[in-house]
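Subject: Structure handover

Hello,

Here is the structure for you to look over. My notes on what was found in it come below.

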Amino acid sequence: AKERAKVWMKVLDEKLIGPKNAYLCGDTITVADYYGAAFVALAESIRSDLSAYPNVKRWLGNMKALKSWKKVNEVFDGFAASMKAVPFETV
């Protein structure tokens, strides 16, 4: 599963987002961004290293900068914070 995840993260990083897009479909946010960001943010919650995917990190940063991000994700972020000391298997 780790190897498959790496392949798809590379596709997301290089082919879908790329170095120029602010969002998945260009410079306009779509429902795909909201849906995808929820899954990618999970990687951070289990302390996965996203440094190999700079475009994904930039895109996720764009999503987290949205005014609604903090309020929408506050319960999940609180749960993630409560699990901070729990070891996870990461990809």
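**Helix α3 and its neighbours**

Helix α3, residues 54-64, has N55, V56, W59, L60 and M63 as its buried residues. Buried means under 20% relative accessible area, exposed over 50%, and partly exposed in between, with a 1.4 Å probe and protein chains only. Viewed down the axis of α3, these buried residues fall within an arc of 130°, so they line one face of the helix. The arc is that of the directions from the helix axis to the C-beta atoms. They pack against α1 (2-17), α2 (31-45) and α4 (69-82), where contact means heavy atoms within 4.5 Å. Helices are DSSP runs (H or I, at least four residues), numbered from the N terminus.

This is a predicted model: local features need pLDDT of at least 70, side-chain atom pairs count only at pLDDT 80 or more, and totals for chains, interfaces and linings use all residues. Residues are numbered from 1 along each chain as its sequence is written, and side-chain values use heavy atoms, with hydrogens and water left out.

**α2 against α4**

The axes of α2 and α4 come within 12 Å and cross at roughly 35°. Axes here are lines fitted to C-alpha atoms, for helices over the stretch in contact, and angles run from 0 to 180 degrees between N-to-C directions. From α2 the contact takes A37, A41, L42 and S45, and from α4 it takes W69, F76 and A80. By class, six of the contact residues are nonpolar, one is polar and none is charged. Ala, Val, Leu, Ile, Met, Phe, Trp, Tyr, Cys and Pro count as nonpolar, Asp, Glu, Lys and Arg as charged, and the others, Gly among them, as polar.

**Salt bridges**

Three salt bridges are counted, each being a side-chain nitrogen of Lys or Arg within 4 Å of a carboxyl oxygen of Asp or Glu.

- E44 and K64 form one, with their closest N and O atoms 2.2 Å apart. E44 lies in α2 and K64 in α3, so the pair ties together parts that are 20 residues apart in sequence. E44 is partly exposed at 36% relative accessibility, and K64 is partly exposed at 37%.
- K6 and E3 meet at 3.7 Å, N to O. Both lie in helix α1, three residues apart, about one turn of the helix.
- E74 and K71 pair at 3.0 Å between the closest N and O atoms. Both belong to helix α4; K71 is exposed at 60%, while E74 is partly exposed at 41%.

Regards

Key
Helix = DSSP H or I, 4+ residues; strand = E, 2+ residues; numbered from the N terminus.
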